[in-house]
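Have a look at the model first, then try each task before reading its solution.

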Amino acid sequence: MARLNVSFLSILRQIPRLFRHTVTLAWRADPVALVVVAVAQLGQAAATAFGLLATNRVLVSLFAAGPTADRVRDALPSLVWVAAASAFAATLRAVSFAAAGRLGPKVERVAGLSMMKEVIRVEMEHIERSDFHAALDSGQHGQTAARRLIEHTLGIVEALMALLAVSGVLAVLHPVLLPLLLAVVVPKAWGTVRAARRTYESVQIWLEHVRQQGALRRLLISQKAAPELRVHGAGPFLLDQFDQMAAQAADEQTRLAHLEARTELTTSALSGLTAGATYAVLAWLLTHDQLPLASGATAALALTSGTAGLRRMVSHIHHLYEQSLFMNDLIRAREEAEQRAIPATGVPVPRPPAVIEFDRVTFRYPERDTPALDDVSLTIRKGQVIALVGANGSGKTTLSKLLAGLYLPTSGAIRWDGTDLCALRRDDVFGHVALVLQDFQRWPFTARANVAISRSADIHDLSRLDAAAAYAGADRVLDDLPHGWDTLCEKGYEGGVDLSGGQWQRIALARAYFRDADILICDEPTSSMDPAAEIDAFRKIRALASADQTIVLVTHRLHSVKEADVIYVLDEGKLVEQGDFATLMATGTSAASDDGPHLFRRLFELQSLQYRTDTLDADTLDADTPLDADSLEADPLDAVPAQRRRTRDATPDQSPASGATG
Ligand SMILES: Nc1ncnc2c1ncn2[C@@H]1O[C@H](COP(=O)(O)OP(=O)(O)OP(=O)(O)O)[C@@H](O)[C@H]1O
């Protein structure tokens with residue numbers, strides 16, 4: 001795997017690229033701060049070099065022949081320069097620190113945004129892939145890494161400048177001093193590279209572990225999981241898993257710490273030896289008149305400050321490298337997101353389509369063997385009410401997502417007025433669609449944002465908001481909210497409230513209405529509503545069709561599809577029946593037919609039977625009485641024999657579905 005290539009050379013090779021990347025990010029985030037930092041650091045380097053040279057002059061004056069008072073007096077002007085250089089360097093350090101502090105958060109913001117901007121355009125199919133998700137998860141760490149990269153890059157630049165200054169001075173004093181300076185830090189550099197490689201390999205191996213631990217942590221504090229964590233006793237179970245994982249992670253950290261301590265000890269011993277050798281060489285130069293005493297003292301100072309600078313630089317390189325791994329993940333996630341993005345170009349779709357045609361469409365989810373939709377051909381015309389019915393897992397939701405342009409067919413084609421969906425500008429396609437998905441998003445925002453998010457430009461258009469709420473019956477929900485439209489719909493935050501399932505569905509329906517799109521796709525839009533609300537919702541959804549909107553309704557409530565123009569019946573991904581309600585109910589009932597009622601009719605009868613069982617007093621139910629299929633078409637309760645209907649009429653309040661027939 002390329003990501004595990006952590007040889008010393010590969011580390012060195014990556015540094016210029018990382019440096020470039022960091023500087024580009026910083027430039028995009030705050031060019032002024034970047035320039036200030038660069039200038040301040042150059043100034044610091046110059047001040048350091050100047051300070052060392054002035055120190056040399058001080059020492060030359062002090063070590064000259066003559067009375068002490070005269071030597072000190074001679075040294076004073078240079079001493080003033082030393083103090084001035086030091087003050088100047090300190091001021092510039094403060095300026096650089098302030099500018100870097102301003103830069104860091106902005107870089108973090110730009111880095112995070114650059115990834116998220118790509119992620120929100122990734123094809124749905126890829127968003128669900130585990131490899132892409134892993135890349136995204138590790139890419140998240142890259143945001144803070146970007147900020148630290150800046151800190152360490154600046155640290156390296158600062159140390160490098162100081163080193164250049166010190167090296168220049170040492171070269172002037174005696175050329176042999178320069179390699180000595182390097183010799184002192186070689187062991188440290190070696191130790192750093194070893195540690196960085198070890199950390200990186202550990203991070204790679206433990207990445208999945210860390211992700212899973214994070215998921216467990218989120219579950220333990222999740223509101224959604226809270227009931228089961230308590231009632232099913234899942235809390236201790238999860239906690240135990242979490243603890244085991246944390247213990248394993250702690251063991252790994254301990255292992256790394258031990259190895260690091262050992263490396264540190266070795267590098268310190270080697271550094272001590274090389275430092276000893278360096279000072280021995282310096283002493284030899286002094287005793288053999290190769291270097292004046294004053295220069296020797298300056299050299300000792302320069303060597304001390306130079307080795308400290310080198311150590312700082314090595315340490316910054318270490319951290320830069322560590323952070324770069326996460327930054328690389330962010331860059332990789334962004335690049336992958338870019339490659340998997342929904343194309344921004346394509347044939348424009350200025351008007352809603354008159355006809356949408358599925359032509360032998362097959363769709364297979366990634367990492368699944370069997371297709372969710374298999375060779376499906378159907379037609380949807382503008383202004384029609386289309387119902388998609390079928391058992392669980394038969395492919396209804398998948399079909400509606402393909403219709404919305406969220407997925408592209410694995411084979412076959414979806415055509416909008418004759419043009420293949422793949423060739424259309426997808427943003428235009430989305431622009432014609434409003435969705436109420438089965439697992440619609442409950443945004444942790446205010447009620448206003450929850451509705452207006454489908455057309456956020458109009459978030460302050462109160463009359464539109466009110467109209468959407470009235471349409472979806474959400475106005476009654478709003479009446480109960482403490483701050484009306486501005487109530488936060490998420491418990492766990494100050495002033496936040498939670499809504500019931502049915503109330504959320506009204507909000508979701510209001511959101512779809514607010515979008516005012518030409519094609520409305522409703523997937524089980526009323527599953528949590530009470531019977532009266534459900535009837536009302538279906539009536540209103542259907543009414544939109546007369547306003548020329550195309551309605552696609554996915555539902556298990558077969559009584560609510562009687563007025564659909566076309567009902568498509570799916571079974572295990574295949575389209576098995578189609579037609580209007582009357583046609584489907586008549587299918588398989590002719591004398592010539594010997595294969596019994598077909599799927600839709602069977603499902604409908606089953607539902608009606610259950611409906612009756614729920615509705616009627618069990619004692620009065622005569623199981624031998626055959627169902628009258630024809631009367632079922634009109635109203636399931638109309639098919640109930642007179643005696644039972646009387647029973648029902650006598651106990652209207654006990655009927656859970658008393659409102660269901662309108
Ligand atoms: N995101 C997904 N990734 C992989 N497989 C999926 C995904 N969504 C659905 N499937 C699978 O595709 C098939 C069709 O699912 P789909 O949700 O379209 O059925 P449905 O008819 O809407 O079911 P239900 O009535 O339960 O909502 C099922 O086998 C399901 O397991």
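Keep in mind as you work that this is a predicted model.

**Exercise 1.** Find the residue of β2 that is the bridge partner of V361, and then work out which strands stand at the edges of the sheet.

*Solution.* Start with strand β1, residues 355–363, which is joined to β2 by 6 bridges, the two running antiparallel. In β2, V361 has V376 as its bridge partner. Next, write down the order of the open sheet of 4 strands: β2-β1-β4-β5, with antiparallel pairing. β2 (373–381) and β5 (419–420) each have a single partner strand, so they are the edges, and one side of each has no neighbour in the sheet.

**Exercise 2.** Decide how α3 and α5 are oriented to each other.

*Solution.* Take helix α3 (residues 68–119) and helix α5 (residues 130–173): they pack at an angle of about 155 degrees, their axes 9 Å apart. Angles over 145 degrees count as roughly antiparallel. Therefore α3 and α5 are roughly antiparallel to each other. The crossing is right-handed. Among the residues making the contact are A100, G104 and M115 of α3, and G139, R147 and L154 of α5. The contact residues divide into 11 nonpolar, 6 polar and 3 charged.

**Exercise 3.** Compare two spans that UniProt lists, in an unreviewed entry, as "transmembrane region": 32–54 and 159–186.

*Solution.* Residues 32–54 are 100% helix, with end C-alpha atoms 32 Å apart. Residues 159–186 are 89% helix, and their end C-alpha atoms lie 16 Å apart.

Technical notes:
Residues numbered from 1 in each chain as written. Predicted model: local features only at pLDDT ≥ 70, side-chain atom pairs only at ≥ 80, totals over all residues. UniProt positions renumbered as here; feature names shortened; annotations may be inferred. Pairing = 2+ DSSP bridges. Axes fitted to C-alpha atoms, helices over the stretch in contact; angles between N-to-C directions. Parallel < 35°, antiparallel > 145°, perpendicular 65-115°, else oblique. Left-handed = near helix turned anticlockwise from the far one by under 90°. Contact = placed C-beta atoms within 7 Å. Nonpolar A, V, L, I, M, F, W, Y, C, P; charged D, E, K, R; others polar.
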